[in-house]
Amino acid sequence: MHFETKAIRIQTERSQHHEHSTPIYATSSFVFDDAEHMRALFANEAEGNIYSRFTNPTVREFETKMAELEEGEDAIATATGMAAIFATFASLLSSGDHILMSRAVFGSTYRVAEDYLNKWGIQHTYIDHLNMDSWESEVCKNTKILYIETPSNPGLDIIDIRKASDFCKTHNILFVVDNCFATPYLQQPLTLGADVIIHSATKYIDGQGRVLGGVIVSRKKIIEQIYPFMKNAGPSLSPFNAWVLSKSLETLAIRMDRHCSNAMLIAQWLESRPEVLKVKYPFLPTNDGFDVARSQMKAG
Ligand SMILES: Cc1ncc(COP(=O)(O)O)c(C=O)c1O
């Protein structure tokens with residue numbers, strides 16, 4: 001299915017009411033047929049929902065859509081983008097590990113590294129994200145993760161994902177990309193060699209300033225490693241927010257096209273102004289490598 005079709009067609013199974021729009025399963029917990037059914041669910045011998053901190057059909061719909069749109073195997077939704085980042089670090093790192101972090105990361109991500117990772121014996125080094133040649137000398141024996149944001153918030157710096165992924169493969173480092181600004185419509189880092197994608201769904205995924213949310217997309221094995229943290233620590237996405245975000249994905253392509261063409265119009269207008277010395281056009285890494293940004297192509 002095409003991106004836009006997936007964003008619309010992937011839905012929770014229709015209920016007996018044959019609803020047109022996807023329902024919200026606004027429930028804290030689920031009922032069991034009998035004690036044996038409950039035992040089997042808790043023992044992982046049967047598939048089904050137990051409690052919405054563990055799984056919820058509306059949240060699962062959003063996760064399935066995000067995994068498909070990012071070309072990943074699986075996803076976990078979280079209450080916020082920061083919860084997605086924290087859950088990733090908490091699940092994939094241990095005391096004594098080291099991470100390389102782009103110097104251009106969102107303020108709260110920086111605070112998590114400074115205030116919590118340090119406290120728990122996980123070291124980090126900020127790398128000059130725009131000078132890849134300088135990264136090599138920062139790798140340590142215990143480096144587990146390279147963490148970047150591209151485009152970064154707020155500077156909109158762009159990192160070549162494919163090149164960064166080659167670097168990670170050479171050094172056996174897990175490559176985590178915060179893809180919140182480009183969204184999977186403009187950039188799919190997993191197809192360029194990244195291992196884990198993080199989103200603050202609060203941004204363009206919602207796109208209308210209504211809810212907070214986050215999501216982690218990766219291979220099944222990595223998602224399985226993160227799931228116990230989600231289940232037990234509990235930064236789960238609410239079914240209502242998941243429903244809003246699922247519905248938002250239906251219009252993501254149209255909204256991103258408009259964002260791109262609006263940005264191009266503003267850039268062109270700025271270029272025509274004598275007070276403006278230079279307008280810098282960022283180039284987004286597309287699936288063909290560093291190429292003309294789709295936004296530029298679409299705006300002609
Ligand atoms: C790039 C980036 N990552 C993560 C976050 C955190 O997301 P949230 O506010 O949903 O926790 C933000 C928020 O602005 C962001 O811009």
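Two residues are taken to be in contact if their C-beta atoms, placed from the backbone, lie within 7 Å. The model is predicted, so local features are reported only at pLDDT of at least 70 and side-chain atom pairs only at pLDDT 80 or more, while totals for chains, interfaces and linings use all residues. Residue numbers run from 1 along each chain as its sequence is written.

The chain contains eleven helices and nine strands, these being DSSP runs (helices H or I, at least four residues; strands E, at least two) numbered from the N terminus. The C-alpha trace spans about 70 × 50 × 30 Å along its principal axes. The radius of gyration, taken over C-alpha atoms, is compared with a globule rule of 2.2 Å times the number of residues to the power 0.38. For 300 residues a compact globule would have a value near 19 Å, and the 20 Å of the chain agrees with this. Of the contacts with a separation of 6 or more, 72% join residues 24 or more positions apart. Buried residues make up 41% of the 300 residues; a residue is buried if 20 or more other C-beta atoms lie within 10 Å of its own, exposed if 12 or fewer, and partly exposed in between, with C-beta atoms placed from the backbone.

The domain assignment gives domain 1 (3–22 + 53–251) and domain 2 (253–298), with bounds that come from an automatic or database domain assignment. The centres of the two domains, taken over C-alpha atoms, are separated by 25 Å.

Helix 3 (residues 57–69) has 13 residues and should span 18 Å at 1.5 Å a residue, in agreement with the 18 Å between its end C-alpha atoms; the expected span is 1.5 Å times one less than the number of residues. Ten of the 13 residues are buried, so helix 3 is largely enclosed by the rest of the structure. Among these buried residues are Val-59, Phe-62, Met-66, Ala-67 and Leu-69, and also Glu-61, Glu-63, Lys-65 and Glu-68. The buried residues pack against helix 1 (3–9), strand 1 (74–78), helix 7 (183–186), strand 7 (214–218) and helix 9 (239–249). Just after helix 3, Glu-71 takes a positive phi of about 60°.

Most residues other than glycine have a negative phi, and most peptide bonds are trans. The peptide bond from Thr-150 to Pro-151 is cis, with omega near -5°, and that from Asn-153 to Pro-154 is cis with omega near 10°. Asn-44, in the loop between helix 2 and helix 3, has a positive phi of about 65° and is exposed, with 7 C-beta neighbours inside 10 Å. Asn-172, in the loop between helix 6 and strand 5 (174–178), has a positive phi near 55° and is exposed, with 9 such neighbours inside 10 Å.
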